[in-house]
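Please look over the model below before reading my points.

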Amino acid sequence: MAVTRVAQREIIEVPYQLPDGEIKPHMALVLSTEKLQDAEDGMFYAVLISSKNLNPEFTLQIKNEWLSKPLSKQSYFVTHIVSYYRTDEVVQSFNNFVKADYFDAIMNKVILSMFDIELE
């Protein structure tokens with residue numbers, strides 16, 4: 001069944017292009033609002049999730065209490081890798097969400113990693 005909408009704070013799987021050009025499905029967290037999807041024909045922004053902590057300065061360890069359902073293995077938000085996708089590219093949805101109480105901290109880490117500024 002095709003995914004037609006995603007929600008902000010939702011964990012999904014998308015095709016991610018690796019540095020060597022290979023494309024593999026990876027989990028990601030939807031950052032943008034549904035308003036953007038509506039205005040831009042299904043477009044949304046998501047931050048990569050990985051089980052590898054290759055650049056600790058730019059990652060944020062995911063804690064199970066942050067999520068509506070725990071992940072199967074230890075994972076990290078790779079906060080400097082934000083990409084845009086379209087809903088028709090979503091491989092699957094897990095019906096798993098970051099709880100609202102933790103989303104702002106994740107967004108702040110993304111902004112700090114990419115722009116070296118912190119929001120108040």
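**Notes on the predicted model**

1. Three bridges link strand S2 (residues 23-30) to strand S3 (residues 43-50), and the two run antiparallel. Strands are DSSP runs of E, at least two residues, and helices runs of H or I, at least four, numbered from the N terminus. Two strands pair if DSSP finds at least two bridges between them. Ala-28 stands opposite Leu-48 in S3.

2. This is a predicted model: local features need pLDDT of at least 70, side-chain atom pairs count only at pLDDT 80 or more, and totals for chains, interfaces and linings use all residues. Residues are numbered from 1 along each chain as its sequence is written, and side-chain values use heavy atoms, without hydrogens and water. Mean pLDDT (the predictor's confidence in each residue, from 0 to 100) is 93 for the protein, with 98% of residues at 70 or more.

3. The open sheet has six strands, ordered S4-S5-S3-S2-S1-S6, with antiparallel pairing. S4 and strand S6 (92-97) are the edges, each pairing on one side only.

4. Helix H2 packs on the sheet and touches S2, S3, S4 and strand S5 (76-86). Contact means heavy atoms within 4.5 Å. H2 covers residues 100-115 and has the lowest confidence, at a mean of 94, against the highest, 97, in strand S4 (residues 59-61).

Key: Axes are lines fitted to C-alpha atoms, for helices over the stretch in contact, and angles run from 0 to 180 degrees between N-to-C directions.
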